Amino acid sequence: TFGPADGLTDSVVRSVVEDQHGTLWVGTDRGLFQMSGDRLKRVDGTAGIPELSVHSIFQTADGAIWAGGTALVSIKYGKAQTYPYPLKGRDMRVKSILQTTDGSIRIGDVSGLFRVAGQKLVRVPGIEHTVRILRQTEDGTVWIGTIGGGLYSMRPGEGPRSVSLSV
């Protein structure tokens, strides 16, 4: 068990990822933590990483760690890049992050689906619900699970389409 005595200052853990070097990253409602020895060290609020609530952590093929929640940050070689939220008057609340096989980064947010284009986020039209889960299957289809909007699929080169499920 890890708690305050071990450096973990929040008990609401939303995401855990082990990176390619075996380092454990932990996302909580009150911060991004990295395992250092047998202790967790908070890394947001320092070195260009804003304080954030973290709901999703993902490592891309190039080794970058992406953390999303109340901000979206990528960390590579100790340098952080923050991505501005494109929706004026709204707060960022990232719920899921995925790198597809073509290398693009998709971001699921309470306002829908976005893709990373250079240094900014661009909305993917057609999804207006909270995107809670993003997964890609072997055929390249991205599956988009939403809260209140059902399931969508998106094949390479196409926009999202709603999937009808029968039980």
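**A close look at D44**

Guide: Leaving aside neighbours within four places in sequence, D44 is in contact (heavy atoms within 4.5 Å) with G31, L32, I49, P50, E51 and L52. This is a predicted model, in which local features need pLDDT of at least 70 and side-chain atom pairs count only at pLDDT 80 or more, while totals for chains, interfaces and linings use all residues. Residues are numbered from 1 along each chain as its sequence is written, and side-chain values use heavy atoms, with hydrogens and water left out.

D44 sits in the loop between β4 (39-42) and β5 (54-59). Strands are DSSP runs of E with at least two residues, numbered from the N terminus. D44 has 4% relative accessibility, so it counts as buried; buried means under 20% relative accessible area, exposed over 50%, and partly exposed in between, with a 1.4 Å probe and protein chains only. The D44 side chain also makes a polar contact with the side chain of R42, at 2.6 Å. A polar contact is a pair of N or O atoms within 3.5 Å; within protein, one must be able to donate a hydrogen and the other to accept it, and residues adjacent in sequence count only if both atoms are side-chain atoms.

Strand β5, at the end of that loop, belongs to an open sheet of four strands in the order β5-β6-β7-β8, with antiparallel pairing. Two strands pair if DSSP finds at least two bridges between them. β5 and β8 (79-82) stand at the edges with a single partner strand each, so one side of each has no neighbour in the sheet. Inside the sheet, β6 (residues 65-69) and β7 (residues 72-76) run antiparallel and are joined by four bridges. The bridge partner of A67 in β7 is V73.

Next come the rings: the structure holds two aromatic pairs. Rings of Phe, Tyr and Trp (its six-membered ring) pair if their centres lie within 6.5 Å; planes under 30 degrees apart count as stacked, over 60 as edge-to-face and the rest as tilted. The ring centres of W66 and Y83 are 5.1 Å apart with planes at 25 degrees, so this pair is stacked. W66 lies in β6 and Y83 in the loop between β8 and β9 (94-99), so the pair ties together parts 17 residues apart in sequence. Both W66 and Y83 are buried.
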